[in-house]
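Here are a few exercises to work through with the model open beside you. Try each task yourself before reading its solution.

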Amino acid sequence: MIFIGERINAGFQDIKEAIQNKDPEPIKKWARIQTDARATYLDVNLGTASNKPEDLCWMIETVQEEVDTPISIDNNRPNMLTEAMKVCKKPPLVNSTTAVEEKMNSLFPIVAEHNASIIGLVMDESGSPATADRRVENAAKLFEKAIENGLSPDQLFIDPIIMPLNCMQEQCQEILNAVSQFKLFSEPPVHIVCGLSNISSGAKYKKLINRTFMAMLITQGLDAAILDVTDTEMVDTILTAELIMNKTIYADGYVEAFRKS
Amino acid sequence: MAVPDVKEKWTSKINVVTIGAIKDEGGTRGKTITVGGQTTLPFLDFEGELPHKAVIAGFVSDTPPDWPDVIKNAIGKEINSPVEWAQKNIEEFKCDLLSLKLIGADPNVKDASPADCAKVVQDILKAVDVPLIIWGCGDDEKDNHVLPECSQAAKGENCLIGSAKESNYMTIVAICKADKHKIISEAPVDINIGKQVNILLQDAGYDLKDVVMYQTTAALGYGFDYVYTIFERARIAGLKGDNLMATPLICDVAGETYRVKEATSDEDVLPGWGKLEKRGPMWEAMCAGGYLQAGADILILAHPQAIKGTQESILKLS
């Protein structure tokens, strides 16, 4: 599983204040905590705290002063991205583009130039798709565009767009159906990622719903997630689901081994 | 139409393990042996790095093994003296290193004392200057006494000590840390237990970068395919980033081959099977060849013809 740590995001008050006060400590703290929890990428999101490229670069550089975990740049404005890419020490993961032609044309070349990877949301001009077929259609557009720009399939992370369970219950099966088809595009396959917490938005048993849906998505081929990497129950569910899917080799101490290595 | 590029992109690397220590490193060996470091599957040099060839460890035991005379005669009278056998393995058979099995320590064989075993280790270390692999007799209780003494007798020589199992790993970790040796982790043809033993070694504070994995060894025709697939699966997991599986692999080909009827019974017992003189080493060499393909890094061999044939295979394939 590719774990993308979500915590360095101005949506969290401590990070927002850190950006406003140019205080590196909260950012470094979360870079360290998430890296120790085995994050593969650290998502860096400026949110509404600022719209200046230099602030985004400062966040990335601050993270890189503390850890060498690759960055996921959570921003889709070409001018911001161009600057942010330059300061990344390792090829980053861009979060994200939609399947809208204009958007793809502006972002894929920047990603290709830096040998980075990108998350592609299966949204199009008309918004979020309601059916599995439409999701697959938009995923195919993203895939085609990635290949056209010289990316390999594993540099593309497709996000099926998760909808809230409590108001769009029928969407869950459409999502699972779509995910199972993304892997069929190519060999090696694309990665499949999601912003999981949407599923439980507004619901009472958020964590339970998140974990259960995560396990179900893994059975369909999901192999990356933007999440709270310190949520041990979630991480344990993922480790177990991957064992059940025979993606990793079982050993009695698999949970402890993951935390220690 | 262009030929599609079918190369796999592996993300990780098998650990590099060096056995033996020269004078500057606190030992007395004339050379060291390094295995591992692969970034792809065996012999696929177009796909990744294969920095270290598989090596052959010459089989030696403190007491002559219970093998057919035809096989023992091919090795020579030196089989009766561990020191002479060790020398012959290196000087005449050109093995890369030695693998000493302390069969005589077994209570059902000679019940040799830990001190006697340690003496054999010391004598061999004096007589040859290649790196040494040291195995107990396989009886856990006895090995718990034998291996600490042997380890101490070889202190600083950076030997490879076998083997750590779920039942005895604490002892092995303690002696190998104290005397600066590397560890063979053992599992009974079971990839899950293999991984668990490595977890236990890691939990006990031993660095997995100093471990070689031993999934026991099955002779050709006796579960060979089980071990083969475990090797493949372990290697693939290691190359994909499973640090617990990224260890070099060792096989005791000679020790297992000369236990099965195809490699120990002559024509009088197996009519139509051909002479054991030829069939025995062939069985050993074919088994070694199979494990080479599966990803073995260290092959323990005994018969001079099997050694020669395997040396040629390694050269041709590498």
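**Exercise 1: A serine in a loop**

Task: Decide whether B:Ser265 is buried or exposed.

Solution: Start with the relative accessibility of B:Ser265, which is 15%. Buried means under 20%, so B:Ser265 counts as buried. Bear in mind that this is a predicted model. Next, find where the residue sits: B:Ser265 is in the loop of chain B that runs between α9 (261-264) and α10 (276-294). Finally, look for its partners. If you skip neighbours within four places in sequence, B:Ser265 is in contact with B:Leu270, B:Leu276 and B:Arg279.

**Exercise 2: An alanine in a helix**

Task: Work out which residues B:Ala234 touches, not counting residues up to four places away in sequence.

Solution: First, locate B:Ala234 in helix α7 (residues 224-239) of chain B. Then check its accessibility: the value is 3%, so B:Ala234 counts as buried. With residues up to four places away in sequence left out, B:Ala234 touches B:Ile191, B:Met213 and B:Met245.

**Exercise 3: Aromatic pairs**

Task: Find how many aromatic pairs there are over all chains, then look at two of them.

Solution: A search of the whole structure gives 14 aromatic pairs. One of them joins A:Phe182 and A:Phe185, with 6.3 Å centre to centre and 40 degrees between the planes, and it is tilted. Now check how each ring residue is placed. A:Phe182 has 0% relative accessibility, so it counts as buried. A:Phe185 has 25%, so it counts as partly exposed.

Move on to chain B, where B:Phe59 and B:Trp85 make a tilted pair, 5.8 Å centre to centre with 40 degrees between the planes. This pair links distant parts of the chain: B:Phe59 is in strand β3 (residues 55-61) and B:Trp85 is in helix α2 (residues 82-91), 26 residues apart. B:Phe59 is buried at 3% relative accessibility, and B:Trp85 is buried too, at 0%. To finish, widen the view: B:Phe59, B:Trp67, B:Trp85 and B:Tyr258 form one aromatic cluster.

**Exercise 4: Lysines over rings**

Task: Identify which ring the charged end of B:Lys101 sits over, and which ring face A:Lys22 lies over.

Solution: In chain B, the charged end of B:Lys101 sits over the ring of B:Trp135, 6.0 Å from its centre. In chain A, A:Lys22 lies over the face of A:Trp58, at 5.1 Å from the ring centre.

**Exercise 5: Nonpolar cores**

Task: Say how many residues the largest nonpolar core has.

Solution: The largest nonpolar core has 98 residues, and B:Ile250 is one of those with the most contacts inside it. Zoom in on B:Ile250: among the residues it touches, leaving out those up to four places away in sequence, are B:Trp135, B:Met213, B:Phe231 and B:Ile298. Apart from this core lies another, of 91 residues, including A:Ile2, A:Met80, A:Ile158 and A:Val229.

**Exercise 6: Two packed helices**

Task: Describe how α5 and α6 of chain A pack.

Solution: Helix α5 (residues 101-113) and helix α6 (residues 132-148) pack at an angle of about 30 degrees, with their axes 11 Å apart. Their crossing is right-handed. For the contact itself, α5(A) brings A:Glu101, A:Met104, A:Asn105 and A:Phe108, while α6(A) brings A:Lys141, A:Leu142, A:Lys145 and A:Ala146.

Technical notes
Residues numbered from 1 in each chain as written. Chains lettered and ligands numbered in written order. Predicted model: local features only at pLDDT ≥ 70, side-chain atom pairs only at ≥ 80, totals over all residues. Heavy atoms only, no water. Phe/Tyr/Trp six-rings, centres within 6.5 Å; stacked < 30°, edge-to-face > 60°. Buried < 20%, exposed > 50% of the residue type's maximum accessible area, 1.4 Å probe, protein only. Helix = DSSP H or I, 4+ residues; strand = E, 2+ residues; numbered from the N terminus. Lys NZ or Arg CZ within 6 Å of the ring centre and 35° of its normal. Core = buried A, V, L, I, M, F, W, Y, C linked by side-chain atoms within 4.5 Å. Contact = heavy atoms within 4.5 Å. Axes fitted to C-alpha atoms, helices over the stretch in contact; angles between N-to-C directions. Left-handed = near helix turned anticlockwise from the far one by under 90°.
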